[in-house]
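This report describes the fold, the surface and the aromatic ring pairs of one protein.

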Amino acid sequence: MRLTWKDAAATGLVAVIAALYVGFLMDATLPLLDSPRVLAAVSLVLGIGACAVGSTMIPTAKGQPASPGAKLFSFFGTLTLVAAVVVMITGSEKLLAVQVGITVALWLAATLRHLLTPAAVGAPGPWPAGAREREMTRH
């Protein structure tokens, strides 16, 4: 496959998370950087947004179990959610680093998967089904 605008949008959201976290580490005086709790909430929302906008649907047959990769992504996504909730409760800066690190790692793994996975045979392209063939036979 190739990267799309959705990957670019997800990259932008994760870049904002990383920039906010670096600002937090540098003691920047911005409203979103004043506490680990606020940053955990903001990075959780942005991470969910990156996941939603950057995800791709992989067709599977009904009743077929999820792939091991999908299960692994789900596990780490859940781990990120739990870490964010614990940070919002405790204010732990170390767990905030874990949350941000896992979010960036998930983005990197998903982007690499999108880049390295070959397009499925018969997958829809930019042309509607059969339109390209009809256009080619007209000329």
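The protein contains 5 helices and 0 strands, and its elements follow the order α-α-α-α-α from the N terminus. Helices (H or I, at least four residues) and strands (E, at least two) are DSSP runs, numbered from the N terminus. The model is predicted: local features need pLDDT of at least 70 and side-chain atom pairs count only at pLDDT 80 or more, while totals for chains, interfaces and linings use all residues. Residues are numbered from 1 along each chain as its sequence is written, and side-chain values use heavy atoms, with hydrogens and water left out.

Of the 139 residues, 24% are buried (under 20% relative accessible area; exposed is over 50%, partly exposed in between; 1.4 Å probe, protein chains only). The accessible surface (Shrake-Rupley method, 1.4 Å probe) is about 9,400 Å², and carbon and sulfur atoms contribute 72% of it. Among contacts (heavy atoms within 4.5 Å) with a separation of 6 or more, 75% link residues 24 or more positions apart.

Rings of Phe, Tyr and Trp (its six-membered ring) pair if their centres lie within 6.5 Å; planes under 30 degrees apart are stacked, over 60 edge-to-face and the rest tilted. This rule gives 2 aromatic pairs.

| Pair | Type | Centre to centre | Angle between planes |
|---|---|---|---|
| Y21 and F24 | stacked | 6.3 Å | 25° |
| F75 and F76 | edge-to-face | 5.2 Å | 75° |

Y21 and F24 lie about one helical turn apart, because they are 3 residues apart in helix 1 (residues 5-25). Both Y21 and F24 are buried. F75 is partly exposed, at 48% relative accessible area, and F76 is also partly exposed, at 31%.
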